[in-house]
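Subject: Handover of a structural model

Dear colleague,

Please find below the sequence and the structure that I am handing over to you. A description of what was found follows directly after them.

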Amino acid sequence: MTVERLGLSALDVHLADLKGLEIRREWKRTDIRILLPSHKLVVVVELKIEAAEGKNQLQRYRKLVER
């Protein structure tokens, strides 16, 4: 999903107040999670280097983030 679909422009994200920004590695089986509470934005990065996507992996991550 793009930031534009969330009602944010790339400029909004670029100029965002990063107070409260949280970045975590290896959070609940995801590689990187970026949380920006001021914009109710969560970005999950899954690194796939010589690895295949697990069964329903993206759906599981989405449910996890939505909780």
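Throughout this message, contact means that heavy atoms lie within 4.5 Å. The model is a predicted one, in which local features need pLDDT of at least 70 and side-chain atom pairs count only at pLDDT 80 or more, whereas totals for chains, interfaces and linings use all residues. Residues are numbered from 1 along each chain as its sequence is written, and side-chain values use heavy atoms, with hydrogens and water left out.

Confidence and overall make-up

The mean pLDDT (the predictor's confidence in each residue, from 0 to 100) is 77 for the chain, and 85% of the residues reach 70 or more.

Read from the N terminus, the order of the elements is α-β-β-β-α. Of the 67 residues in the chain, 16% are buried, where buried means under 20% relative accessible area, exposed over 50%, and partly exposed in between (1.4 Å probe, protein chains only). The chain exposes about 5,700 Å², of which carbon and sulfur atoms supply 54%; accessible areas come from the Shrake-Rupley method with a 1.4 Å probe, and for residues only the protein chains shown count as cover. Among the contacts with a separation of 6 or more, 16% are between residues 24 or more positions apart.

The three strands form an open antiparallel sheet in the order 1-2-3; two strands are taken to pair if DSSP finds at least two bridges between them. Strand 1 (22-27) and strand 3 (41-45) each have a single partner strand and stand at the edges, so one side of each is left without a neighbour in the sheet. From one strand to the next, the twist averages 20°, with axes taken as lines fitted to C-alpha atoms (for helices over the stretch in contact) and angles running from 0 to 180 degrees between N-to-C directions.

Strand 1 is joined to strand 2 by five bridges, and the two run antiparallel. Glu22 stands opposite Leu35 of strand 2. The two strands form a hairpin with two residues between them, and Lys28 in that turn has a positive phi of about 45°.

Strand 2 (residues 30-36) also pairs with strand 3, again in the antiparallel sense and over five bridges. On this side, Ile32 has Val45 as its bridge partner, Ile34 has Val43, and Leu36 has Leu41. This second hairpin has four residues between its strands, and Lys40 in the turn has a positive phi of about 50°.

Which residues does Arg33 touch, not counting residues up to four places away in sequence? They are Glu22, Ile23, Arg24, Trp27, Val42, Val43 and Val44. Arg33 lies in strand 2 and is buried, with a relative accessible area of 8%.

Asp31 is also located in strand 2. Its relative accessible area is 14%, so Asp31 counts as buried. Neighbours within four places in sequence aside, Asp31 is in contact with Arg24, Arg25, Glu26, Val45, Glu46 and Leu47.

Asp17 belongs to the loop between helix 1 (10-14) and strand 1. Asp17 is partly exposed, at a relative accessible area of 45%. Beyond its neighbours within four places in sequence, Asp17 is in contact with Leu36 and Ser38. Asp17 and Pro37 are 20 residues apart in sequence, and their C-alpha atoms are 9.9 Å apart in space.

Helix 2

The buried residues of helix 2 are Gln57, Tyr61 and Leu64. Viewed down the helix axis, they fall within an arc of 60°, so they line one face of helix 2; the arc is that of the directions from the helix axis to the C-beta atoms. These buried residues pack against strand 1 and strand 2. Leu58, Lys63 and Glu66, on the other side of helix 2, are exposed.

A colleague
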